[in-house]
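Please open the model in your viewer and keep a selection panel at hand.

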Amino acid sequence: MVTAPTPVVTKAPRHAAVVRVTHWLTVIAFLALLVTGAEILLSHPRFYWGESGNPNMHALFSLPLPTSRPWVNNGFGTAMPDGNGWGRYLHFEAAWLLVLTGAVYVLWGLARGHFLRDLVPVRGERSAGGFYRAVRAYLLGQRNAASDAHTYNALQRVTYLTVVFVLFPLMVWTGLAMSPSFTAAVPAAANLLGGRQSARTLHFLVTLLLVLFVAGHVGMVTLAGFWPRTRAMIVGRSGSVPGEEKP
Amino acid sequence: MSTISRRRLLKAGLATTAGLAGFAVADRLAHNFGLVPPDAGGIFGPGETLTYATQSLLTRHTLAREFPRSMISANPFAVPIAPPTDAFKHSQAIGFSDWRLTVDGLVRHPASFSLADLKSMPIESQITEVSCEEGWSYIAEWIGTPLHHVLREVGVLPQARYAAYFSVEPTQWDSLDMHEATHPQTILTMGMNNGDLPVAFGGPLRMRVPLQIGYKNIKFLNRITVTDSMKAFGKGMGSASPEGGYAWFAGI
């Protein structure tokens, strides 16, 4: 039905209601997890590999940050107040929001064919050539605003699939691998990763990848037109594309 | 924008009603099965209740991970303790021979145990990891009497729901639900790595709770009170931790 490059005129919303609601709930949960995660990190900005690691042991790497505990001094002393109480409470509450929202999104997406239809790269684009064309279009500014507003290119599709099915599951896994109660029930959660401290280090590194994704994502949205794209993710339609129904 | 049809409105109404009814049923069930933590009030209550209920159910019949002797940390770490009082120093000077653990509350035979009394009960050892909420951890061998032996000795009454435990340091107290209090790995620790438990690590007596984060492992233990409600203890939130902003349940 899609006959690019002619602009697609459709009455269907750009984003389904479930996608819009779960997108913004994920934004709220992610921001809460990022802020509280950073707060918790300040109490011990040292990372280890393996099962155990503590101030008396060699660190894999250590971040030069002011800390909230006197037994870790990475050059700035104990300059930060202790916020691990509310930090941990909110971190786990936001984690529940993220997991439950993600479950709704993934189950809905599987039931409605969202992933196959909207996110698995279309047949002709599942090749190095497809990705090359997408990257070249970005670099040369050869993008068709009208058709872009209704579909994703191969690069976007693979990125979103990676975030949904690799990075977020890894965050949840490495987070749970640090829980003494959870690993009592599922020891493999920590053991497969090489131990609790490996899980913690991976939890931090995957956070960096997600922050990188968010920076790229917001950057691309801004290039494509921040308000029309953001409006499309809120009310379903951007209201800026010729031929599209005004909201 | 499309007008909201009657059908959609009806569907949304039904979904909302079903959702609210679901929450009400879940809330009732959680209360009936003791899955609501004492610090369930406030904005963090829903998350804390979900975490406690889920992890409590997950650990009813499972053990915290134990490690081979080769993985015992050569360099364990303990948060520096407050300077000991004169009474503590005196007790230490006589090898803690006057140290008592009082067990009272909802029990048939309230009792007071010396360290020798505790050592005469079945002794268990476990090689488990202490995980601090800050992120660091270490593995050690912990030796002591499982709490369930002591609780059986004093005869816990059927209405008991929590075991509250206290340190000689008045600000340090906590509690466990009866499932975790009687968990085989919850031990009254007197030894560490084949020696006496050092004072720096909470000696002579420390509650070891390997299913939870380090701060539940109260040092210098001298009293246990069995109770059906934590309301009368401190501010009624289950332990000193929520009064300082920290969660009562620390399974993660």
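**Stop 1: the interface**

Select the contact between the two chains: 32 residues of chain A and 37 residues of chain B take part in it. Please bear in mind that this is a predicted model. On the side of chain A that touches chain B, the elements contributing two or more residues are α2 (84-112), α7 (180-185) and α9 of chain A. Which of them gives the most? Highlight α2(A), which gives the most to this side, with 9 residues. Colouring the chain A side by class shows 14 nonpolar, 12 polar and 6 charged residues.

**Stop 2: chain A as a whole**

Traced from the N terminus, the elements follow the order α-β-β-α-α-α-α-α-α-α-α. Chain A has 247 residues, of which 30% count as buried. Among the contacts in chain A with a separation of 6 or more, 59% are between residues 24 or more positions apart.

**Stop 3: a helix pair in chain A**

Next, select residues 154-176 and 196-235 of chain A, which are helices α6 and α9. How do these two helices pack? Their axes are 9 Å apart and form an angle of about 150 degrees. Because angles over 145 degrees count as roughly antiparallel, α6(A) is roughly antiparallel to α9(A). The crossing of α6(A) past α9(A) is left-handed.

To see the contact itself, show these side chains:

- from α6(A): A:Thr159, A:Val163, A:Leu167, A:Leu170, A:Met171, A:Thr174 and A:Gly175;
- from α9(A): A:Ala199, A:Leu202, A:His203, A:Val206, A:Leu209, A:Leu210 and A:Phe213.

By class, the residues of this contact are 10 nonpolar and 4 polar, with no charged residue.

**Stop 4: a loop residue in chain B**

Finally, move to chain B and centre the view on B:Leu106, in the loop between β1 (100-105) and β2 (111-114) of that chain. Why does B:Leu106 count as partly exposed? It has 19 C-beta neighbours inside 10 Å, whereas a buried residue requires 20 or more.

Leaving aside residues up to four places away in sequence, B:Leu106 touches B:Val156, B:Leu157, B:Gln159, B:Ala160, B:Val226, B:Thr227 and B:Asp228. Draw a C-alpha to C-alpha distance from B:Leu106 to B:Val156: the two are 6.2 Å apart in space and 50 residues apart in sequence.

Terms used:
Residues are numbered from 1 along each chain as its sequence is written. Chains are lettered from A and ligands numbered from 1 in the order in which they are written. This is a predicted model: local features need pLDDT of at least 70, side-chain atom pairs count only at pLDDT 80 or more; totals for chains, interfaces and linings use all residues. Axes are lines fitted to C-alpha atoms, for helices over the stretch in contact, and angles run from 0 to 180 degrees between N-to-C directions. Helices (H or I, at least four residues) and strands (E, at least two) are DSSP runs, numbered from the N terminus. Angles under 35 degrees count as roughly parallel, over 145 as roughly antiparallel, 65 to 115 as roughly perpendicular and the rest as oblique. A crossing is left-handed if the near helix is turned anticlockwise from the far one by less than a right angle, and right-handed if clockwise. Two residues are in contact if their C-beta atoms, placed from the backbone, lie within 7 Å. Ala, Val, Leu, Ile, Met, Phe, Trp, Tyr, Cys and Pro count as nonpolar, Asp, Glu, Lys and Arg as charged, and the others, Gly among them, as polar. A residue is buried if 20 or more other C-beta atoms lie within 10 Å of its own, exposed if 12 or fewer, and partly exposed in between; C-beta atoms are placed from the backbone.
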